[in-house]
Amino acid sequence: MKFMDEYRQPALIQRNLAELRQAITRRWVIMDVCGGQTHSLLRHGLEAALEDVLELVHGPGCPVCVTPAEAIDAAAELARRPNVIVASFGDMLRVPGQRGSLLQARAEGAKIRIVYSPMDAVELAASQPDQQVVFFGVGFETTVPATALALLHARQRGLTNFSLLVSHVRVEPAMRAVMQSAETRVQGFLAAGHVCTVTGYENYHSFVAEFSVPVVVTGFEPLDLINGLFECVQSLEQGQPRLSNQYERSVSPTGNLHAQRLMEQVYEIVDTPWRGFGRIAGGGLAIRPEFCEFDARVRFQLADAVCSSDVDCRSKEVMLGVIKPPECPLFGNQCTPETPVGAPMVSSEGACSAYYRYSRSNELTS
Ligand code: SF4
């Protein structure tokens with residue numbers, strides 16, 4: 001298949017769904033790791049079409065949702081300082097910190113600019129030498145190479161007024177945290193295809209061996225998801241947990257080696273707090289000491305982010321697959337996209353916003 005539409009062909013979807021249903025003998029619990037997959041499963045009516053035979057739960061793969069509230073507060077605090085501009089992707093602006101969102105801070109006069117790439121922030125720094133420009137870098141391995149490249153460009157250009165406030169996180173340690181949770185019921189994973197585009201998937205061999213669960217690298221279109229689920233179900237039904245790749249058009253076993261070298265040059269792996277989850281061993285990336293002049297936490301003497309949880313928000317249980325968003329008592333009443341209590345209701349990739357947005361009565365893509 002060459003075109004995206006081909007991965008949404010109704011006849012193929014119906015045929016593959018029927019094959020999937022035939023392959024299932026018990027109601028397995030399968031977690032899609034990525035928020036993009038969650039939204040696609042709901043938007044295209046796949047979850048509703050399978051809910052009588054499979055339990056699909058939705059993992060911690062929304063980067064905005066897991067960025068600690070303290071990091072948002074730190075960005076807002078920086079943006080209030082004289083001669084400091086904070087540049088951020090737009091989807092971070094509405095996420096509540098402990099002291100409000102960046103949007104609220106901006107309304108109160110904090111200097112916050114929306115940019116579309118970290119390089120835009122480098123250009124902003126170059127054009128405003130009398131201002132300190134801080135790029136607020138969040139996200140998984142998909143966004144890390146771009147912030148690493150921005151830092152290296154800024155250094156090459158001799159910019160002394162550019163720095164990064166990073167809250168980068170890594171997917172595999174979060175899946176590990178899911179499996180190590182006493183509450184987990186997850187029996188198989190759809191791994192996030194776009195992250196594997198960067199990292200490859202060889203690192204999942206040890207994960208599959210350690211936890212005896214299948215991991216299927218999966219894309220985002222309806223046929224990608226059905227085929228990923230089919231492979232996961234087959235592995236479970238055969239009692240042979242294995243690693244496989246259903247996203248071969250984008251993902252190779254070793255991934256993007258150039259991007260990996262950039263990440264390794266600039267960042268080191270650290271234990272880090274995830275919003276809702278707590279501290280995850282090896283779950284994040286920090287700027288290496290040799291680049292500390294570009295680390296906003298060092299430059300502006302900020303404290304490290306710490307663990308905290310949102311009062312009343314049950315995002316941890318949602319991200320562990322213990323409950324689904326509608327089981328949270330606040331879902332749809334106190335907590336809506338207009339009045340979010342927790343980050344998963346804000347983000348375009350959050351599981352709670354996906355459930356709120358796509359009603360369970362969705363028709364199968366047709
Ligand atoms: S519905 Fe709102 S309060 Fe409940 S888990 Fe989701 S984001 Fe948190």
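Modeller: One definition before we dig in: Ala, Val, Leu, Ile, Met, Phe, Trp, Tyr, Cys and Pro count as nonpolar, Asp, Glu, Lys and Arg as charged, and the others, Gly among them, as polar. Also, keep in mind that this is a predicted model.

Biologist: Fine, let's start with the largest pocket: how many charged residues does its lining have?

Modeller: That pocket has a volume of about 370 Å³. There are 19 lining residues, and the closest to the pocket's centre are Val-270, Thr-272, Ala-286, Arg-297 and Asp-304. By class, the lining has eleven nonpolar and three polar residues, and the charged ones number five.

Biologist: Which elements each supply at least two residues of that lining?

Modeller: The stretches to look at are 162–169, 267–274, 278–287 and 296–299. Each of them supplies at least two residues of the largest pocket's lining, and their names, in that order, are β6, β10, β11 and α14.

Biologist: And the second largest pocket: which elements give two or more residues to its lining?

Modeller: About 260 Å³ of space lies in the second largest pocket. Its lining is made of 13 residues, and Glu-141, Arg-170, Met-263, Glu-264 and Ile-269 are the closest to the centre. The elements that give two or more residues are α13 (257–266) and β10.

Biologist: Now the ligand. Which space does it take?

Modeller: Look at the residues around the ligand first: they include Cys-313, Cys-328, Cys-335 and Cys-352, along with Arg-314, Leu-330 and Phe-331. By class, that shell has nine nonpolar, two polar and one charged residues. The lining of the largest cavity includes Cys-313, Arg-314, Cys-328, Leu-330, Phe-331, Cys-335 and Cys-352. The space the ligand takes is the largest cavity.

Biologist: What volume does the largest cavity have?

Modeller: A search of the whole structure turns up five cavities of 30 Å³ or more. In the largest one, the lining has nine nonpolar, two polar and one charged residues. Its volume is about 90 Å³.

Biologist: Which element gives the largest share of the second largest cavity's lining?

Modeller: This cavity has a volume of about 60 Å³. Of its 13 lining residues, Gly-59, Cys-62, Met-319, Gly-350 and Ala-351 are the closest to the centre. Two or more residues come from each of α2 (35–43), β2 and α15 (315–320). The largest share is three residues, and they come from β2.

Biologist: What does the bridge between Arg-242 and Glu-231 tie together?

Modeller: Their side chains meet at 2.9 Å, N to O. Arg-242 lies in the loop between α12 (222–237) and β9 (243–245) and Glu-231 in helix α12, so the pair ties together parts that are eleven residues apart in sequence.

Biologist: Last one: why is α9 described as largely enclosed?

Modeller: Among the buried residues of α9 are Glu-172 and Arg-176, along with Val-171, Pro-173 and Met-179. The helix is largely enclosed by the rest of the structure because its buried residues number nine of the ten.

Note on methods: Residues are numbered from 1 along each chain as its sequence is written. This is a predicted model: local features need pLDDT of at least 70, side-chain atom pairs count only at pLDDT 80 or more; totals for chains, interfaces and linings use all residues. Side-chain values use heavy atoms; hydrogens and water are left out. A salt bridge is a side-chain nitrogen of Lys or Arg within 4 Å of a carboxyl oxygen of Asp or Glu. Helices (H or I, at least four residues) and strands (E, at least two) are DSSP runs, numbered from the N terminus. On a 1 Å grid over the protein atoms alone, a cavity is a set of points where a 1.4 Å probe fits but cannot get out, and a pocket is an open set with protein on both sides within 12 Å along at least five of seven lines; lining residues have an atom within 4 Å of a point. Grid points are joined across faces, edges and corners, and a volume is the space filled by probe spheres set on the points. A residue is near a molecule or strand if one of its heavy atoms lies within 4 Å of it. A molecule sits in a cavity or pocket if more than half of its atoms lie within 2 Å of its grid points. Buried means under 20% relative accessible area, exposed over 50%, partly exposed in between (1.4 Å probe, protein chains only).
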